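Here is a short briefing on a predicted model. The points are grouped by topic.

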Amino acid sequence: MTFPTLNFPVIAPQIVLVAAALIILLADLMVANKRILGWISLIAVIGALAAVFVCRSDSAAFPLALGGPSGPGTMALADGLGLFASAAVLIAAGLAILLAIERVGDFSRFEKPGSEKKQARSGDHPIAEAPGPQVTDRAGAYYALLLLATAGMTAMATASDLMTIFIALEIFSLALYILVGFNRRDLRSGEAALKYFLLGAFASGFFLYGIALIYAATGTTSLEAILHNIQPMSISLPFRPLLPVGMGLLLVGFGFKLALVPFHMWTPDAYQGAPTPVTAFMSVATKAAAFAALIRVLAAVASYDRPWLLALAALAVLTMTLGNLAALRQTSLKRMLAYSSIAHAGYLLIGLAAGNQLGVEGALYYLLAYTFMNLGAFAVLLAVQRRDENDVTGDRILGLAGRQPLLAALMAVLMFSLAGIPPLAGFFGKLYVFSGAVEAGLAWLAIVGVLNSALGAYYYLRVTILMFMAEPAESDQEISSGKVETLQPGWAVMTTVVLAVLGTIVLGLWQWPWTQTIAQAVSTLALR
Amino acid sequence: MVPLTWYLVLAAALFAIGMFGVLARKNAVAVLMGVELMLNAVNINLLAFWRYTALGELVGHAFAVFVITVAAAEAAVGVALFIAVYRQRDTVNVEELDAMKG
Amino acid sequence: MTEAYLPILVMMVVAGGFAAIALGVSALLGPRRPNPAKDTPYESGIVPLGDARRRFPVQFYVIAVLFILFDVEVILMYPWAVAARQLGLFGLIEMAIFVVILLVGFIYAWKNDAFKWQ
């Protein structure tokens, strides 16, 4: 009988987040001013981030083990990779909460339906509790779900057992399904949630089948034990041939969650239909968590073997190219950014396909850069988005520089970074990832990546041109005719945008501390 | 004793039926049922592998328990979403839900 | 070991065979004179009202969904119950935390009138 040993520092971020989510759910029943709940959740995220840094300051990895320290029963491992990805997830969560704090009412309030439809909601977060006579505000549920999703993502980033990876994946997926469908006044929100849910659940099936086959092949679900058992001359494994099949199915599951082509069908709809703060959060945080888990799984199960790396390279090429080509012809900016985030998943995958130190380091750096720049871009969309709408088309930012010069300038920085123009973070991310691919002998992959960056630059720069080039006379006319009202973004949204831009610039110009942290994080992994 | 292969064939068949349900059915509820079938197929696999190969640990069992609870949570969230969409659109037919294109 | 289950197999074959034969023979030999009264569903002699596929009140689904959640989450208690003595205080605290989390969800649903049938 092995007794579980709990190493609290490892799961401290999750404990903080889940406890805060529960407190918010209860507080939601008592508090009329929902903004307080937003601040509580922001404090919780900062607390979790502090917990991550406390882990970091101690150089030893804290294993959360079932039986023995860092043995085969280890469920979660707060190593450099896990802490780094957790930090990225928590930064994204903090910015997303700050982004929502003023605008959450746009999509969390709704008129109470008629008496026969009154009790529409279900799941663990039913509607109800009317502060006023008619309007219901579910802002509390929004923050609680966001925190639970964050807890799931940080858990996935630190998980070192296929079982924990799966449970963490489901925790954040279930929370995101609800968050995507949060806007009950927008038909597209519910539709997006439905599609995301059905395809996500379908993907979970593949993910799980893959895990079952890997379990069959190796007799364990612990990544460390798998790595040990599949060494030649280790123990006899009669079902060893099932291992690649399992890994393939697992890769399909990861492909769905990371929105890799050809498993990306849900992405544009889900990102477009979801409330904009949710889109901003899920487009970056999901990737950070799932990429961290994929890096671990590849190291343990596939040992970064050549065939798997080529499969990843093929996925990367498809993902980049189709993502960029589809983004070119979008009129909705939200949908364009959705396709662009597919393309960015492709760039990230190049680093993994390289499978060497430099490539994986580049992918991690890119993840952090992408967190700032993509979240910032969606934050700008929220700033120009009308309160009763859930989408932004090109004509809304037409001549934005004339109306709101600061916002336009910040958006331009984010677009330049996404396009990969030096000296911003996006450029260095691509540089590291591509040089990793070259070093691994995949020069062709780097070339495809560079060509795709040029393709991407076209539509990012088009956004910038729209903002700066449009004749202000026309938009003045439209303002006076009431067609375009000057919407002043609130201070919280502006703060988010400024923080994201700062992150993008700082990460680009002042690299040394980040690259060193990443190098340490990667050095403990079993790469090629 | 029943050979392991039988369980594997059963699980694979169930998984395939579930997958067919997901791909072929148009009603979202039927699609969800297909997904549940897929998850249950995996449970059969996990338990069979645990019985025949496990290295003395209860991983297969523990995992199956978690899968069951996750599937229940998934069903609850899914049905809640279906109700919400049905109230807005009067349908949960996935082919009629096409507000977004491109 | 397999032999021990032989009687069950025999019973299943016999039961299935009997059902199949009974249905088959009555389908082959029985007279077929359908009329509307025979085609209606049997509801204990009462004339059926409306369509069986009518919509249920949506409240029904809400309660059903909550039932599924709380019902199935309880199976996580079984493994703990089996090893409760070995796990001791540690396991008890863990399970208490689990129950508190469920309880918070329950209170949230309750206070939001999810259980009120209207």
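From the N terminus on, chain C reads α-α-α-α-α. That is 5 helices and 0 strands. The model is predicted, and the values below are computed from it.

- Chain C has 118 residues, of which 7% count as buried.

**Chain B: fold and dimensions**
- Chain B contains 3 helices and 0 strands.
- Along the sequence, the pattern of chain B is α-α-α.
- The radius of gyration of chain B is 17 Å, whereas a compact globule of 102 residues would have one near 13 Å.
- Along the principal axes, the C-alpha atoms of chain B fill a box of roughly 50 × 25 × 25 Å.
- Of the 102 residues in chain B, 39% are buried.
- Take the contacts in chain B with a separation of 6 or more: 49% of them join residues 24 or more positions apart.

**Where chain B touches chain A**
- In this interface, 41 residues of chain B are in contact with 39 residues of chain A.
- On the chain B side, the elements giving two or more residues are α1 (4-24), α2 (28-53) and α3 (59-89) of chain B.
- The largest share of that side comes from α3(B), with 20 residues.
- By class, the side of chain B that touches chain A holds 31 nonpolar, 7 polar and 3 charged residues.

**A helix pair in chain A**
- Helix α6 (residues 162-180) and helix α7 (residues 187-218) of chain A have axes that come within 9 Å and cross at roughly 175°.
- Angles over 145 degrees count as roughly antiparallel, so α6(A) is roughly antiparallel to α7(A).
- From α6(A), the contact uses Leu162(A), Phe166(A), Leu169(A), Glu170(A), Ser173(A), Tyr177(A) and Val180(A).
- From α7(A), the contributors include Ala192(A), Ala193(A), Tyr196(A), Phe197(A), Gly200(A), Phe207(A), Leu208(A) and Ile211(A).
- By class, the contact of α6(A) with α7(A) has 13 nonpolar, 4 polar and 1 charged residues.

Definitions and conventions: Residues are numbered from 1 along each chain as its sequence is written. Chains are lettered from A and ligands numbered from 1 in the order in which they are written. This is a predicted model: local features need pLDDT of at least 70, side-chain atom pairs count only at pLDDT 80 or more; totals for chains, interfaces and linings use all residues. Helices (H or I, at least four residues) and strands (E, at least two) are DSSP runs, numbered from the N terminus. A residue is buried if 20 or more other C-beta atoms lie within 10 Å of its own, exposed if 12 or fewer, and partly exposed in between; C-beta atoms are placed from the backbone. Two residues are in contact if their C-beta atoms, placed from the backbone, lie within 7 Å. Ala, Val, Leu, Ile, Met, Phe, Trp, Tyr, Cys and Pro count as nonpolar, Asp, Glu, Lys and Arg as charged, and the others, Gly among them, as polar. Axes are lines fitted to C-alpha atoms, for helices over the stretch in contact, and angles run from 0 to 180 degrees between N-to-C directions. Angles under 35 degrees count as roughly parallel, over 145 as roughly antiparallel, 65 to 115 as roughly perpendicular and the rest as oblique. The radius of gyration is taken over C-alpha atoms; the globule rule is 2.2 Å times the number of residues to the power 0.38.
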